[in-house]
Number of protein chains: 2
Amino acid sequence: MAKQKTAIVPTREDNYPEWYQQVVRAADLAENSDVRGCMVIKPWGYALWENMQHALDRMFKDTGHKNAYFPLFIPKSFLEKEAAHVEGFAKECAVVTHHRLEDDGQGGLKPAGELDEPLIVRPTSETIIGAAFARWVESYRDLPLLINQWCNVVRWELRTRLFLRTAEFLWQEGHTAHATREEAVAETRQMHDVYADFAENWMAMPVIKGEKTAGERFPGAVSTYTIEAMMQDRKALQSGTSHFLGQNFAKAQDIMYLSDAGQREHCWTTSWGVSTRLIGGLIMTHADDDGLVLPPKLAPAHVVILPITFKADDPDAVLAYCEALRDELRSQAFAGRAIEVEIDTRDIRGGEKTWGWVKKGAPLRVEVGQRDMADNSVFVARRDQDAKDKQSVPRDRFVADIRDTLQSIQDNLLAKAAAHRAEHTRVINAKDKFYKFFTAKNADQPEIHGGFALAHWNGDEQIAEQVQKDLSVTIRCIPLEGELERCGFGDAAGEGRCIFTGEPSKGRVVWAKAY
Amino acid sequence: MAKQKTAIVPTREDNYPEWYQQVVRAADLAENSDVRGCMVIKPWGYALWENMQHALDRMFKDTGHKNAYFPLFIPKSFLEKEAAHVEGFAKECAVVTHHRLEDDGQGGLKPAGELDEPLIVRPTSETIIGAAFARWVESYRDLPLLINQWCNVVRWELRTRLFLRTAEFLWQEGHTAHATREEAVAETRQMHDVYADFAENWMAMPVIKGEKTAGERFPGAVSTYTIEAMMQDRKALQSGTSHFLGQNFAKAQDIMYLSDAGQREHCWTTSWGVSTRLIGGLIMTHADDDGLVLPPKLAPAHVVILPITFKADDPDAVLAYCEALRDELRSQAFAGRAIEVEIDTRDIRGGEKTWGWVKKGAPLRVEVGQRDMADNSVFVARRDQDAKDKQSVPRDRFVADIRDTLQSIQDNLLAKAAAHRAEHTRVINAKDKFYKFFTAKNADQPEIHGGFALAHWNGDEQIAEQVQKDLSVTIRCIPLEGELERCGFGDAAGEGRCIFTGEPSKGRVVWAKAY
């Protein structure tokens, strides 16, 4: 059978990494800039990020956090204060050493005005925010301090991919200080839950909630909680992390409070963040061989109306019909936003126009021509169905059902992603099967290309390192109690024996290749 | 008569610059950070900025602009492309020269991994966005290109003041490309109007709209439009600028389009921006000797409820009464936002609590005690009136009137600021009077401390330079046609003769000391 023609070339199966780049390009989400590793986020991609921001920001505010803004630059000495942290972040960062450009005598410019102390462009802000917290916190009455920042950060990555790994990226970083360990742990866990909620109920991207092993923790953290999603190539994407920092940063930076009993105590702090990387996750969860597929709750436009005026006797009447439809749709809200509708009146070929919106992932496309108008109907295509699968629907029913239709697309995307994850997650009980799962190439093997392996492990980091060396597979997380059941992997829950050593294990961990 | 006690010491009259710092501090808006010239914007200040952003963002989107995001870093060679631009911005900027820190052998870190080409932290993004535009624009069908970016920028300032002049600040920068000169000029003027609308109708800060003289233009612009506001010390604050860039940047960066007629033409571009500096303007327009005064349309909280529970028989009942009041208020919207209400239940002295909110500038404070509850009334204080001027108001009337009350405070602040400007703006027809206006110290002189002088000028930049040297006074703008009339200075409109040379002048310009 001849291969079906697809809007994106190559397809996922033919060349997954290249397919990803082409989807980003075809949907006009972002592009590489002239600055190595830094991307330009284009309007359609940025609008998606704004919608993510709005939803997350509301969740942060509903849990008592306030936004603030801290300096872009971190003095070198600040980074040096926490030993593990500097080890993790000093390696690749942008260093500002001068504060002026002056004539180089050859018609160009050269750096001048050397700084006494170099400044680092923030890779994350624990140290600079910690310094503010040390000033702000005096007594237990000032606690908890619950702060969030939306900003740009820079980590000098050599191999970059749009959204997934870029030198500069946009994110939010929450930073909180508490009087007790228990409160700080509860905060860490709460924000972990917020991220999982956002991933599943807004992005329609199912995640496994778990804790990172010691080797995978945030530099300076006592424990790191993560949400891990499976992409369509069955690799894992770490999509959000929440860190319990214990008193490490508080001790390094003197974040202290006077307790109710009059004692000076160190605070307990947390930090947590998600970034524009989520857009990469969204793409790789839902996009198909025809381009992007957007979950309606986050789509910059829910509905795109395509007026077919070229064969109309009265193009203005068709346009007026479209505008009235738009206004009626806009008067309704879905997921806390007015329904957003675009009427595409561009003077280009109909096929190009339609496929443009398919590739951009608009949840609903509505074609309206003279005949639809006469019938008081609209011609509707859902992005979660085949592009050629269009239906004539009475206009008033389409309007009345719009929220249900959008919710059904949202639910459908989540269900599809969950089914994909279920299909490629294996309970594995022996080392040879584990190695085969990640190396088998035979199409007859159910383990082709791997996926998530749920396997027992004795907790020995050296074994994890060996597996990483052999297979490029890492432990994505130690699932939280009850999490395997929640994710539909109840069979995998419970104690057992390490598949590498036979030693006892309290529970299976999630292994996968990862971005 | 003994001086009245004020919440802010010193008062405006005693020491205006120090008063400003103390208002920022007392209102908990921002503070200096450990990084020279970079501020920390605290939650109350950041919430104010968020409200400004939301209102402006809606105005930008309503005028057809889309948000996007461009790299933080600008390659040195990009800055070198436009001669006037590099002259204006290369002088003081943050230069990234290395991409790593490594062990310096003495227990510290030193910069390593020198970059082939230094990167500049963006002081403004014409060059990096222009490079993207050059890629994006192919034909006239791609125009106009209407883009806005919300981001941080860095200009290495030596003398900084919170919000007014900081090394790093937050802003938006609009960048647009057009097929014709006329369209680009119309865009420049449109955004100039949007800024004036925002300043007057949201910030309650009256502005004069005008064009900058050649000496005060944005580096690289053909013309710069500005909105100039008078602060309470009678100095001008340049509050927003909109630049018509002609084809200067398009030529430097090859931003070209294929015209309808098949010709390759250079685009015409614009840029326009406002920043966190507006917060400084808001403070210096409305704050008084008791602290910040917030225009209701931008206030992070419209109403603060202070439950007086310590003398209540039933504190829980008082609190429940407050919560019901809050919920009723919140169900109403003002200026596009749900009315925001804070109930302050902190366990601190009542006076401290009340004055805390006075200093933070909350438009309405509502005290509720046992007796008010029994009377079904509330005890209301407006921030635009004397702090001791409180009124008992029937609860239901307070709720029913809330939007009118907030609008009346908003109007009141604008009227007060306009009256202040009118009082300190002088039509001046002679050089000696002009010099006296800006130098007189005698309290009997109506010209004490100066203000805005509306005076004729022949257009000679050398005269402007001399005045600046003599008086530190600059031409703030050449008012647009009809603008003096709009601002209530109709008497000053029309032709005349330069007060320095006697030469003919088409219209008066605005002179003032400025921030």
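Reader: In chain A, what share of the contacts with a separation of 6 or more comes from residues 24 or more positions apart?
Author: The model is a predicted one. In chain A, contacts with a separation of 6 or more are counted, and those between residues 24 or more positions apart are set against that count. Their share is 68%.

Reader: How does the radius of gyration of chain A stand against that of a compact globule?
Author: Chain A has 515 residues, and a compact globule with that number would have a radius of gyration near 24 Å. Along the principal axes, the C-alpha atoms of chain A fill a box of roughly 80 × 65 × 60 Å. The radius of gyration of chain A agrees with the globule value, at 26 Å.

Reader: What percentage of the residues in chain A is buried?
Author: The secondary structure of chain A comes to 15 helices and 27 strands. A residue counts as buried if 20 or more other C-beta atoms lie within 10 Å of its own. Of the 515 residues in chain A, the buried part is 51%.

Reader: How far apart are the C-alpha centres of domain 2 and domain 3 of chain A?
Author: Chain A is divided into domain 1 (28-286), domain 2 (298-406) and domain 3 (425-512). Between the C-alpha centres of domain 2 and domain 3 of chain A, the distance is 46 Å.

Reader: Is helix H8 of chain A largely enclosed or largely open?
Author: Helix H8 of chain A covers residues 277-286. Its buried residues include Arg277(A), Gly280(A), Ile283(A) and His286(A).

Reader: Which residue just after helix H10 of chain B takes a positive phi?
Author: Helix H10 of chain B spans residues 350-360, and its buried residues include Trp357(B), Val358(B), Lys359(B) and Lys360(B). The cover over the buried residues of H10(B) includes helix H1 (16-26), helix H2 (43-62), strand E15 (303-307) and strand E19 (364-368) of chain B. Just after H10(B), a positive phi of about 85° is taken by Gly361(B).

Reader: Which residues have the most contacts inside the largest nonpolar core?
Author: The largest nonpolar core has 320 residues. Leaving aside neighbours within four places in sequence, the contacts of Val23(B) are Ile8(B), Ile283(B), Ala287(B), Gly291(B) and Leu292(B). Those with the most contacts inside the core are Val23(A), Cys93(A), Val23(B) and Cys93(B).

Reader: Which strand gives the most to the side of chain B that touches chain A?
Author: The contact takes 46 residues from chain B and 46 residues from chain A. By class, the side of chain B has 29 nonpolar, 7 polar and 10 charged residues. With 7 residues, the strand giving the most to that side is E5(B).

Reader: What is the bridge partner of Val95(A) in E5(B)?
Author: Strand E5 of chain A, residues 95-103, is joined to E5(B) by 3 bridges. The two strands run antiparallel. In E5(B), Val95(A) has as its bridge partner His98(B).

Reader: In the hairpin of E5(B) and E6(B), which residue takes a positive phi?
Author: E5(B) and E6(B) pair in the antiparallel sense over 7 bridges. One of the bridge partners in E6(B) is Lys110(B), paired with Glu102(B). The hairpin has 5 residues between the strands, and a positive phi near 80° is taken by Gly105(B).

Reader: Why does Ala112(B) count as partly exposed?
Author: Ala112(B) is found in strand E6 of chain B, residues 109-121. Beyond residues up to four places away in sequence, Ala112(B) touches His98(B), Arg100(B), Leu101(B) and Glu102(B). A buried residue needs 20 or more C-beta neighbours and an exposed one has 12 or fewer. Ala112(B) counts as partly exposed because its number of C-beta neighbours inside 10 Å is 15.

Reader: What is the bridge partner of Pro75(B) in E6(B)?
Author: Strand E4 of chain B, residues 73-75, is joined to E6(B) by 3 bridges, and the two run antiparallel. In E6(B), Pro75(B) has as its bridge partner Leu119(B).

Reader: Which are the edge strands of the open sheet of 11 strands in chain B?
Author: The sheet has the order E3-E7-E8-E14-E11-E10-E9-E24-E27-E23-E22, with mixed pairing. E3(B) is joined to strand E7 (residues 145-154) of chain B by 2 bridges and runs parallel to it. Each edge strand pairs on one side only, and the two are E3 (66-67) and E22 (425-427) of chain B.

Terms used:
Residues are numbered from 1 along each chain as its sequence is written. Chains are lettered from A and ligands numbered from 1 in the order in which they are written. This is a predicted model: local features need pLDDT of at least 70, side-chain atom pairs count only at pLDDT 80 or more; totals for chains, interfaces and linings use all residues. Domain bounds come from an automatic or database domain assignment. Helices (H or I, at least four residues) and strands (E, at least two) are DSSP runs, numbered from the N terminus. Two residues are in contact if their C-beta atoms, placed from the backbone, lie within 7 Å. Ala, Val, Leu, Ile, Met, Phe, Trp, Tyr, Cys and Pro count as nonpolar, Asp, Glu, Lys and Arg as charged, and the others, Gly among them, as polar. Two strands pair if DSSP finds at least two bridges between them. A nonpolar core is a set of buried Ala, Val, Leu, Ile, Met, Phe, Trp, Tyr and Cys residues joined through C-beta atoms within 7 Å. The radius of gyration is taken over C-alpha atoms; the globule rule is 2.2 Å times the number of residues to the power 0.38.
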